[in-house]
Amino acid sequence: GTLGQLGAAVAACRHNRCPLSLMLAELDDVDGLAFVHGLDGLSDLRRALEAACRGLEHTCTICLPHGEAGFAVVLPGSDRSSAIYLGNQLLDRVRLLSLNDGTGTPSTIGVSIGVATLSLPSKNFPPDDLFKAAARCLYGSHAAGGGVLKSIEIY
């Protein structure tokens, strides 16, 4: 799945001599969302996040499921600054979503984002290194309380 698609993107970007970014986006507090909104509500939120990820304006974007409530977005030809720009767009779109938490007060939805960018893939670059770097950034975003983007550029 994800590593296969990422491997193909690494090879294509190496051939085209262009950067590659991987964005991992995941809903915050999945257990709390499932408790408050039920599994159907969580599924609705996951679909909304998927629509927001697929709606990012970038050529050749690949959006794949990641974990229980997240998505991996492969961004061929995207350098770190453009990946961060797209990630911030995603954060803004998700902030506009709201759900009724049963008390009559709308609650906002949080998402954490981790981005790893490879300036120029080398011949033997292992795709899982890019994935692990993005996963570390996603972990950092969750550790910061969610609702933020963390990024890194690797070589």
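Start by selecting Met 23, Leu 27, Leu 49, Cys 53, Val 73, Leu 90 and Ile 113: they have the most contacts inside the largest nonpolar core, which has 26 residues. A nonpolar core here is a set of buried Ala, Val, Leu, Ile, Met, Phe, Trp, Tyr and Cys residues joined through side-chain atoms within 4.5 Å. Buried means under 20% relative accessible area, exposed over 50%, and partly exposed in between (1.4 Å probe, protein chains only).

Before moving on, note that this is a predicted model: local features need pLDDT of at least 70 and side-chain atom pairs count only at pLDDT 80 or more, while totals for chains, interfaces and linings use all residues. Numbering runs from 1 along each chain as its sequence is written, and side-chain values use heavy atoms, with hydrogens and water left out.

Now color the elements that give two or more residues to this core: β1, α2 (30–54), β3, α3 (80–95) and β6. These labels are DSSP runs numbered from the N terminus, with helices being H or I of at least four residues and strands E of at least two. The largest share of the core, seven residues, comes from α2.

Zoom in on Leu 27. Setting aside neighbours within four places in sequence, Leu 27 is in contact (heavy atoms within 4.5 Å) with residues including Leu 42, Leu 45, Leu 49, Ile 109, Val 111 and His 142. There is also a second, separate core of 18 residues, and Val 10, Cys 13, Leu 22 and Phe 125 are among them.

**The sheet**

Show the strands next. You'll find an open sheet of five, in the order β2-β3-β1-β6-β7, with mixed pairing. Two strands pair if DSSP finds at least two bridges between them. The edge strands, β2 and β7, each pair on one side only. On average, neighbouring strands are turned by 15° against each other, direction ignored.

For a close look, pick β1 and β6, which pair in the antiparallel sense over eight bridges. Click Met 23, and its bridge partner in β6 is Val 115.

**Helix α1**

α1 packs on the sheet, touching β1, β2 and β3 (70–76), and its direction makes about 155° with that of β1. Such angles run from 0 to 180 degrees between N-to-C directions, with axes fitted to C-alpha atoms, for helices over the stretch in contact.

Which residues of α1 are buried? Select Thr 2, Leu 6, Ala 9, Val 10 and Cys 13. Look down the axis of α1: these buried residues fall within an arc of 105°, so they line one face of the helix. The arc is that of the directions from the helix axis to the C-beta atoms.

Thr 2 counts as buried because its relative accessibility is 18%. Beyond its neighbours within four places in sequence, Thr 2 is in contact with Leu 64, Pro 65, Ala 72 and Phe 131. Just after α1, stop at Arg 17, which takes a positive phi of about 55°.

**Helix α4**

Finish with residues 127–143, helix α4. α4 lies across β1, β2, β6 and β7, running at about 150° to β6. In α4, Leu 130, Ala 133, Ala 134, Cys 137, Leu 138 and Ser 141 are buried. Seen down the axis of α4, its buried residues fall within an arc of 140°, so they line one face of the helix. Last stop: Gly 145, which follows α4 and has a positive phi, near 105°.

Notes
Expected span 1.5 Å × (residues − 1).
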